[in-house]
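Have the sequence and the structure open as you read.

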Amino acid sequence: MEVAGYTSRTVEEVFKDFKGRRAGIVKALTSDVEEFYQQCDPEKENLCLYGFPSEQWEVHLPAEEVPPELPEPALGINFARDGMPEKDWLSLVSVHSDAWLLAVSFYFGARFGFDKADRKRLFNLINDLPTVFEIVTGAVKKQHKEKSSISNQNGNKSKSNSKLRAETPGRFSRPQPQPQPYDEDYGLQYEEDEDEHGETLCGACGENYASDEFWICCDICEKWFHGKCVKITPARAEHIKQYKCPTCSNKRARP
């Protein structure tokens with residue numbers, strides 16, 4: 001676990017730290033789930049899942065110092081691995097990971113002297129993102145489906161075009177960018193018109209698409225992924241007849 005440097009830091013820097021750690025944990029519980037599962041051996045000592053600002057993750061023993069430099073993740077996640085269905089175990093780890101991510105961010109907020117307005121802004125930035133639990137359990141996809149079904153009643157023509165594009169054989173493309181206003185207070189882009197591609201989230205990291213990023217769709221679960229999140233390049237995708245995401249590829253009976 002790294003030791004934080006306590007220099008003056010802003011809300012945006014703490015939020016960037018949160019996003020990096022969150023991305024690492026999401027990766028462990030989705031695209032790298034097979035490796036994560038193997039590392040959480042119940043025969044080992046108490047293990048924790050750490051996410052790092054570099055968007056990497058690590059399963060490791062808890063920090064030795066007491067009290068620790070930073071809030072610690074849930075202890076002993078490996079012990080529950082074989083005591084429940086894998087889906088339920090991953091959901092449990094994701095819930096505790098969400099709690100840890102919030103704890104770390106607001107720990108930084110306390111150390112850096114954030115006032116009430118700063119804490120509120122940090123929470124709003126974090127709250128605009130799907131939780132790890134929502135991504136792992138598929139709740140984000142369900143929520144967007146409900147929104148889409150309501151919006152479809154308006155007869156939006158662009159949705160039909162997007163649907164046809166999504167169902168085209170090959171299932172890899174670069175989603176078309178949508179106009180997005182810029183919020184100067186938060187430094188984030190947000191969407192006013194939620195068309196079908198505007199609502200698309202990466203099945204690995206949970207982020208929206210960017211206009212300069214390559215995406216690929218799984219032919220089994222029909223989830224979209226950033227190419228970089230599943231280690232697929234446009235050149236490699238051209239030779240894939242049927243793409244299976246890491247989760248679908250790893251679906252098999254556990255011993």
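## Surface and overall make-up

The protein chain exposes about 14400 Å², and carbon and sulfur atoms supply 51% of that area. Please keep in mind that this is a predicted model. Of the 255 residues in the protein chain, 40% are buried.

The secondary structure comes to 9 helices and 7 strands. If you look at contacts in the protein chain with a separation of 6 or more, 65% of them come from residues 24 or more positions apart.

## The largest nonpolar core

Which residues have the most contacts inside the largest nonpolar core? They are Leu29, Phe36 and Leu49, in a core of 36 residues. Several elements each supply at least two residues of this core: helices H1 (11-29), H2 (33-39), H3 (86-111), H4 (116-127) and H5 (132-137), along with strands S1 and S2. H1 gives the most, with 8 residues.

Phe36 is a handy place to start exploring. Leaving aside residues up to four places away in sequence, Phe36 touches Ala28, Leu29, Leu49, Trp57, Val59, Ile77, Trp89, Leu90 and Val93.

## Two residues with positive phi

Now for two backbone details. Glutamate 55 has a positive phi of about 70°, although it is not a glycine. You will find glutamate 55 in the loop between strand S1 (48-51) and strand S2 (57-60). Is this residue buried, partly exposed or exposed? Glutamate 55 counts as partly exposed because its relative accessibility is 41%, which falls between the 20% and 50% cut-offs.

Lysine 231 also has a positive phi, of about 60°, and is not a glycine. Its loop runs between strand S7 (224-226) and helix H8 (234-237). With a relative accessible area of 59%, lysine 231 is exposed, because the cut-off for that class is over 50%.

Note on methods: Residues are numbered from 1 along each chain as its sequence is written. This is a predicted model: local features need pLDDT of at least 70, side-chain atom pairs count only at pLDDT 80 or more; totals for chains, interfaces and linings use all residues. Side-chain values use heavy atoms; hydrogens and water are left out. Helices (H or I, at least four residues) and strands (E, at least two) are DSSP runs, numbered from the N terminus. Buried means under 20% relative accessible area, exposed over 50%, partly exposed in between (1.4 Å probe, protein chains only). Contact means heavy atoms within 4.5 Å. Accessible areas come from the Shrake-Rupley method with a 1.4 Å probe; for residues, only the protein chains shown count as cover. A nonpolar core is a set of buried Ala, Val, Leu, Ile, Met, Phe, Trp, Tyr and Cys residues joined through side-chain atoms within 4.5 Å.
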